[in-house]
Structure formats: structure tokens, C-alpha cells
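Subject: The structure we talked about

Hi there,

Here is the structure for you to open alongside this note. Have a look around it, and then read on for what turned up.

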Amino acid sequence: MGCASSIHISDRVVYHSGKESEDSHSPQQTNTTQHQGNPASGLPLKPPSCKTTLTEVQFGPMKLFKDPLQVLLVFAKEDSQSNGFCWACEKANYRCSMARTPESALECFSEKHHDLVIIDHRHSRHFDAEALCRSMRAVNSSENTVIVAIVKRPDREEASVMPLINAGFNRRYVENANMMACYNELLQLEHGEVRAQFKLRASNAIFTALEQSQDAIEITSEDQVIQYVNPAYESIMGYQQGELIGKEIIEVPKSEKNKPDLLETINSCIRKGKEWQGIYYAKKKNGDNIQQNVKITPVIGQGGKIRHYVSINRPLNDNNKCDKSTERVQAESQT
């Protein structure tokens, strides 16, 4: 193979067992077992155990821990380019698999859900790389996977990348078998696109918390266009998401019970980047007024500018109305 000795070869998949310490039931392990003539045909080969080093990733206030990168290389045949990436994966301590056909690539990807997939796009006579990428993108778990196309070095005119982007590729790599070039490319991918996608996966937990919250939560843009409301908001206010998302706050009916200058006071506060909290009357879809304890927090984004406003609304009922006067005093002092 020309790569590290810890890579096992079969007619369908190459499996990098030296970096694998778990999930020993993968299809590539089964194929390797059969290739080596294991009498217990079909049983997985348990790879040698090794200590897994987790990478710490900070995502806002969350501290995440990431397993070693899982890479799938799709090359119809062995060449210096595939060997270069094999060596680079070994040097970077990544978990690496290789598929020779689109069918084995899809099977392996569906089983392992790799962070990074590198597909050889140089030889169309072997398989259709763009069709394979579209097939991978059709898998539910592919949303946060980075897929790279290996393309030929252009002879004359530079080709457009739009066909690759339309097929689902994140970026391309112009063929360069130099091992350090492959290694550097993998490092840039890990610390760039792959890590960004890892953070996006973590946002699923945040949305789950929002969806399960009993407080009504509303998120708007810096121009106060509604971008999100959670199920509790729908239940309390009587609106559906589709009726609100994309509308400006001023388009939603307001209660007449608020002081005339209250909205102006709130906007003046939050546009300065300050949090506002106090008692506010909201009008439900059926026209009823509901008294709420409201906290509106500006979210500072790129360039130090306000990018979103997050509003958390808790209806006042018989259990918390006794704190109403205290909250009003607090709101007046903050505004």
C-alpha cells in the first residue's frame, strides 16, 4: 500500500486499525477479517486498543470534547495521491478508512458518519464523484460532514467550482501528492471547516433546550425581524411559527395596557446593548391580554455589533403575582 503498516487491506475497504479503539463492529473490520482468512467468517476484527486523545473545543460558554478526526478516502485505485493522504492521516493520528467503490463508500459512511470525506474526482471512468457526493448528502447524518474533491491540475484555463458546489462538495484540492501538502491540507480542514461543523452539531443540544423550555422564547434579528419562536411561545400566545417567522415585531398586535412610552423605553435600552427586564402586557392571537415577566437580551456578534435579540417571556400567574411589584421596581430602575 505504501502507507503505515496499521492499515489493513481488503478488496472493498482499507481500514486504519491502529487509531481505532472502539466501534469494532464496522463493515470494514468484517471485510478485513474475511480477507485475512479468519475462520469465524463475518465476525468483527477487534483492532488493537490505544489511548484516545480528545480535543477540547470552546463553543461560547460550552466546553466540547472531540474524538480524533474520522476520515474516509474514496480512491478507485492506489496511487501517490492516495498514499499521500494515508500517510497524512497516520501522522495526524486520524482514524482513516478507504473505499474503492461508491457502494462500499456509502456503506462505510452510513456506518461511521465520518467528519471528513475525500473523493477522487480525477478519473471519471472509475466512478462518478459528483453522483457519489450527492448520494452521501442524501444521508441524514451528512449535514455536518465536510466533503472534498480531488481534482486534476488544470492544463490551461481554470475550471469553475460551481458544479462541485452544486453536487455538495465543500471545497476542492488540486492534486498534489507531496505528503506535507496533504498533511497541511488535513490540518487546515480540521481547524477550519471540520471544527465549525462540529460546533454546529453541538447547537442541536441548544435547540433541544429551547424546544423543551416552558418559558416563551423569541429570537429576532438586529432589525427586529422574528427568526425563531419555541413551542412554549406558540402555546402561550396562540400563534404558529409560520405566522410569525419573517415578520417584524411591529407587525404583531400590541396590547393597549402598556404605558405609551414603554416600547420606546425598551428599544432605547436594548439598542445600546443593555439587557431590559420588566413587566409587559402582550396580546395573544385571540385578542386576550397576558401579563408577562420579560427579559430581552441583545446578542453581540461579529464586529461588536448587535446581531440578535433574545426575549424570554414568563406569564405571571397567581403563584408569582406576589412578586409583581418587586419586578416592576426592578424594571423601572433598569430603564
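A helix here is a DSSP run of H or I with at least four residues, and helices are numbered from the N terminus. Helix α5 covers residues 162-167, and Ile165 lies in it. Please keep in mind that this is a predicted model.

Ile165 also belongs to a nonpolar patch on the surface, together with Val161 and Met162. The three have about 240 Å² of accessible area together. Ile165 itself counts as partly exposed, at 45% relative accessibility.

There is a charged patch too: Glu222, Asp223, Glu248 and Glu251 gather on the surface as a patch of negative charge. Of these, Glu251 sits in the loop between α8 (241-244) and α9 (262-270), and its relative accessible area of 48% makes it partly exposed.

Buried means under 20%, so Gln291 counts as buried. Its side chain makes a polar contact with the side chain of Tyr281, at 3.3 Å.

Lastly, two loop residues for you to check. Most residues other than glycine have a negative phi. Asn93, however, has a positive phi of about 60°; this residue is in the loop between α2 (80-91) and β6 (95-99) and is partly exposed at 44%. His113 has a positive phi as well, near 55°. You will find His113 in the loop between α3 (102-112) and β7 (116-120), partly exposed at 39% relative accessibility.

Note on methods:
Residues numbered from 1 in each chain as written. Predicted model: local features only at pLDDT ≥ 70, side-chain atom pairs only at ≥ 80, totals over all residues. Heavy atoms only, no water. Patch = residues over 30% accessible without salt bridge, like charges linked within 9 Å, V, L, I, M, F, W, Y side chains within 5 Å. Areas by Shrake-Rupley, 256 points an atom, 1.4 Å probe, with all protein chains shown as cover. Salt bridge = Lys/Arg side-chain N within 4 Å of Asp/Glu carboxyl O. Lys, Arg positive; Asp, Glu negative; His and termini not counted. Charge placed at Lys NZ, Arg CZ, Asp CG, Glu CD. Buried < 20%, exposed > 50% of the residue type's maximum accessible area, 1.4 Å probe, protein only. Polar contact = N/O pair within 3.5 Å; in protein donor to acceptor, adjacent residues only side chain to side chain.
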